[in-house]
Amino acid sequence: MTESLLAVRGLSKHFVSGNETVPVIEKLTFTLDQGQSLALVGRSGSGKSTLLNLLCGLESPDAGTIVMQGQVFDAGSAATREKAAAWASLRRQQIGVVFQEANLMPALTLLENVRFRAQLAGRDPANSEDWLTRLDIGELAQRYPDQVSGGQRQRAALAMVFAMEPALILADEPTGSLDRQTAAEVAQVLFDLQARYCCGLILATHDAELAAGCQQLLDLGHLSAL
Ligand SMILES: Nc1ncnc2c1ncn2[C@@H]1O[C@H](COP(=O)(O)OP(=O)(O)OP(=O)(O)O)[C@@H](O)[C@H]1O
Ligand SMILES: [Mg+2]
């Protein structure tokens, strides 16, 4: 039996808006195996980013558990210093995050960004330049993020993530700000590298083609769309 990389059980999260309680994620259960990819889809406001934020520890769940590599993250984890530190350490070393924008530190060159992320994860940064080359932006290594295009920034963000050798990649609309052609190229690189390095991938997207490239589909929109 394949062991799950990630197991989410009964996960719930609500937000409070004025006097209103807005349930966003309700008793969500799913698993992701090593090397598998999952697309999060659903209309705007259905909770895709919230789920990614829960998975990378930026938000705490109200109920339910997230288990990854034997570490449990639940409603009580954030309040317990040891558990919070253990989860933060797992995140730093094993979870790579790609957002639509603002993945790079503006004061660092592309190469310094990649080296920094690798070091943060405790990896050898020696291969950082190779990663930029593999992503076809090797010649831009000494440029700063504001000196390259959006598509090139997304490639650099992917180089950062792969240089940390993560077990799991979380991507929130990673191609959302790109034109169709560049989006397709960036998506291809992401899927190729994910398959080659056998990491898990969860991506949130409104792009049906990108979602179709994933092995599993999780539709968060079907309830709120009723
Ligand atoms: N910090 C917050 N406080 C209050 N409500 C929030 C907060 N963050 C998100 N929400 C609400 O939770 C719901 C889900 O938001 P979320 O950003 O997860 O949606 P999404 O599926 O990622 O949407 P999109 O496709 O537009 O990116 C929305 O109704 C949003 O307004
Ligand atoms: Mg979102």
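**View 1. Glu59, with a relative accessibility of 23%, counts as partly exposed.** On this scale, buried means under 20% relative accessible area, exposed means over 50%, and partly exposed is in between (1.4 Å probe, protein chains only). The model is predicted: local features need pLDDT of at least 70, side-chain atom pairs count only at pLDDT 80 or more, and totals for chains, interfaces and linings use all residues. Residues are numbered from 1 along each chain as its sequence is written, chains are lettered from A and ligands numbered from 1 in the order in which they are written, and side-chain values use heavy atoms, without hydrogens and water.

**View 2. Lys13 and Glu59 form a salt bridge, with 3.8 Å between the closest N and O atoms.** The two residues are 46 apart in the chain, Lys13 in strand E1 (residues 4-17) and Glu59 in the loop between helix H1 (48-55) and strand E4 (63-68). Helices (H or I, at least four residues) and strands (E, at least two) are DSSP runs, numbered from the N terminus. A salt bridge is a side-chain nitrogen of Lys or Arg within 4 Å of a carboxyl oxygen of Asp or Glu. Lys13 counts as buried, at 11% relative accessibility. The whole structure holds four salt bridges.

**View 3. A salt bridge joins the side chains of Glu165 and Arg123 (4.0 Å, N to O).** Glu165 is in the loop between helix H5 (150-163) and strand E7 (168-172), and Arg123, 42 residues apart from it, is in the loop between helix H3 (110-120) and helix H4 (128-134). With 19% relative accessibility, Arg123 counts as buried.

**View 4. Arg180 and Glu209 meet through their side chains in a salt bridge (2.8 Å, N to O).** Arg180 belongs to helix H6 (residues 180-197) and Glu209 to helix H7 (residues 208-212), so the pair ties together parts 29 residues apart in sequence. Both Arg180 and Glu209 are exposed.

**View 5. Residues surround ligand 1, among them Phe15, Val24, Arg43, Lys48 and Glu173.** A residue belongs to this shell if one of its heavy atoms lies within 4 Å of the ligand. H1 gives the most to the shell, with three residues. The shell divides into two nonpolar, seven polar and three charged residues; Ala, Val, Leu, Ile, Met, Phe, Trp, Tyr, Cys and Pro count as nonpolar, Asp, Glu, Lys and Arg as charged, and the others, Gly among them, as polar.

**View 6. An oxygen atom of ligand 1 is 2.5 Å from a side-chain N or O atom of Ser44.** For His206, a polar side-chain atom lies 2.6 Å from an oxygen atom of ligand 1. The protein covers 59% of the 630 Å² of accessible area (Shrake-Rupley method, 1.4 Å probe) that ligand 1 has on its own.

Key:
A polar contact is a pair of N or O atoms within 3.5 Å; within protein, one must be able to donate a hydrogen and the other to accept it, and residues adjacent in sequence count only if both atoms are side-chain atoms.
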